[in-house]
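Q: Please take a close look at the open sheet in this model and the core around it. I would like one connected account, in plain words.

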Amino acid sequence: MEDTECSFVWLFETWLAAMSGKAPCSLVTDQNRAMKAAIGRVFPHTCHRFCKWHILSRTKQKLAHTYSEHPTLIDELESCVIESETINTFETAWMSIIDTYDLRNNTWLQAMYNIRQKWVPLYLMDTFCAEISKAQKLETMNDFYKKYFSTKVTLEVFLTQFDLSIENHYEEEAKADMDTSLNLVTTKTASPMEKQAARTYTKAVFSRFQEEFTESLAYIIQKTKDGCISEYNIMKDENSSDTFCVTYNASNKMAKCSCKYFEFSGILCRHILGVFIIVDPHLLPPDYLLKRWTRKARDGGLLEYNCDNHQDDACQSITSRYDVLCADVIGCAEKGSGSERVYKAAKDILQKAYEEIIVYERNPARVSQRDAININEDVMVDDSMTDQSLPDSRRKVTNLLGQFLVSSWSP
């Protein structure tokens with residue numbers, strides 16, 4: 001693929017079609033100009049940001065001589081970008097670094113400062129980016145390919161390695177799910193809110209929530225406005241230069257913080273938690289427990305979700321229809337593997353449903369006349385799998401489903 005705007009436009013449009021026309025809310029890339037222009041054309045409403053770790057890495061190269069003389073510079077710069085809690089703190093720390101190391105005339109740092117709204121997290125808190133920690137270094141696709149692949153391998157070897165690496169990724173994910181299910185997390189307080197979060201979140205997300213919750217206990221909270229919609233100033237100590245404002249609506253028990261951490265990550269910040277402890281120290285409102293961070297993120301709701309949101313999109317291509325149905329089957333598998341009794345019932349129900357699909361495929365007019373689906377139709381799965389009247393593409397799908405349904409699973 002050529003590194004041109006047209007090539008990236010084709011790539012993003014192809015990806016958009018595969019996603020049934022749903023554009024991402026945020027997108028992180030390097031500073032490739034052709035890619036930036038293509039994103040503006042294909043994803044005009046997407047928040048496009050540059051990877052902070054990529055920029056900090058390049059800064060090491062651009063300031064190699066200064067780094068060699070001042071080894072602490074990199075730590076100070078990373079702390080400025082990642083740990084600053086307010087824009088004012090960031091600006092002050094940045095200028096202090098510039099003056100301390102005499103970098104006012106460095107064109108690279110000046111250029112990065114001029115585009116700080118595109119890569120410094122504090123300027124991007126309005127957009128949901130699903131980052132539970134600004135300091136977390138997520139594995140990028142570039143890291144992924146460097147880890148598993150080489151430009152010297154053939155396409156056949158590449159595809160084999162890719163499949164194996166994806167399987168490894170799913171296996172690690174399954175281990176994490178199992179660890180969350182079997183091992184209880186430890187709460188640090190008797191707070192009902194912390195206990196609620198421990199029951200609801202995955203272990204990794206609860207660990208991040210717990211950090212915010214325990215930190216909230218150390219903050220000073222001052223009420224500045226009373227009424228149905230009250231306001232609070234939150235600070236670390238009386239001499240702190242960073243003050244955060246939390247607005248609390250008593251009618252719906254919802255709150256907003258000037259730090260906008262919840263909008264950025266989907267996890268409540270220590271400032272809002274501190275206010276909740278004062279005004280309503282019981283359970284957190286459900287709206288603050290995003291399903292994507294919970295133990296049941298992939299549990300249930302798949303069939304309903306697909307029906308409501310993808311009914312029209314699913315008709316557009318075989319890939320879309322296949323993806324939606326796979327999501328439904330995965331939901332059934334997760335529910336059905338809970339116990340031996342449920343597993344046997346799920347196997348029986350799925351096999352009968354599969355048989356009914358074959359009946360409908362052979363004679364849709366006949367089936368459409370029924371008032372209800374008869375899942376007891378006398379059709380053998382083995383016969384339907386070998387039906388040569390089916391087109392090759394459909395036969396491959398039915399063969400796969402048949403193998404899936406008659407395989408010997410164990411809970």
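A: What follows starts with the whole chain, turns to the sheet and its surroundings, and ends with some single residues.

The model is predicted. The protein has 19 helices and six strands. It is 411 residues long, and 36% of these count as buried. Looking at contacts between residues at least 6 apart in sequence, 51% join residues at least 24 apart.

Now the sheet. Four strands form an open sheet in the order E3-E4-E5-E6, and their pairing is antiparallel. At its edges are strand E3 (220-225) and E6, each of which pairs on one side only. In general, the strands of a sheet pair through backbone hydrogen bonds, and the pairing is either parallel or antiparallel. On average, neighbouring strands here are turned by 25° against each other, with direction ignored.

One pair can be followed in detail. E5 and E6 run antiparallel and are joined by four bridges. Within this pairing, valine 246 stands opposite cysteine 257 in E6. A helix also packs on the sheet: H13 touches E3, E4, E5 and E6, and its direction makes about 50° with that of E5.

Between E5 and E6 there is a loop, and lysine 253 has its place there. The phi angle of lysine 253 is near 60°, a positive value in a residue other than glycine. Lysine 253 has a relative accessible area of 42%, so it is partly exposed; that class lies between the limits of 20% and 50%.

The UniProt record, in an unreviewed entry, places the feature "domain: SWIM-type" at residues 244-280. Over residues 244-280 the chain is 41% helix and 27% strand.

Next comes the nonpolar core. The largest one has 34 residues, of which Tyr201, Phe209, Leu268, Ile272, Phe276 and Leu284 touch the most other members. Several elements each supply at least two residues of this core, among them strand E4 (229-235), strand E5 (243-249), strand E6 (254-257) and helix H13 (270-279). Helix H10 (192-200), helix H11 (203-216) and helix H12 (261-265) also supply at least two residues each. Another core lies apart from it, with 27 residues that include Leu56, Leu63, Leu109 and Met112.

Leaving aside neighbours within four places in sequence, leucine 284 is in contact with Met193, Gln196, Phe209, Leu268, Leu273, Phe276 and Leu289.

Glutamate 131 is in the loop between helix H7 (107-114) and helix H8 (141-148). Not counting residues up to four places away in sequence, glutamate 131 touches Arg49, Lys52, Tyr261, Phe264 and Ser265. Its side chain makes a polar contact of 3.0 Å with the side chain of arginine 49. Glutamate 131 counts as buried because its relative accessible area is 11%, and the limit for buried is under 20%.

Serine 20 lies in the loop between helix H1 (5-18) and strand E1 (26-29). Its phi is near 60°, again a positive value in a residue other than glycine. Serine 20 is buried, because its relative accessibility of 17% is under 20%, whereas lysine 253 is partly exposed.

Methods: Residues numbered from 1 in each chain as written. Predicted model: local features only at pLDDT ≥ 70, side-chain atom pairs only at ≥ 80, totals over all residues. Heavy atoms only, no water. Core = buried A, V, L, I, M, F, W, Y, C linked by side-chain atoms within 4.5 Å. Buried < 20%, exposed > 50% of the residue type's maximum accessible area, 1.4 Å probe, protein only. Contact = heavy atoms within 4.5 Å. Polar contact = N/O pair within 3.5 Å; in protein donor to acceptor, adjacent residues only side chain to side chain. Pairing = 2+ DSSP bridges. Axes fitted to C-alpha atoms, helices over the stretch in contact; angles between N-to-C directions. UniProt positions renumbered as here; feature names shortened; annotations may be inferred.
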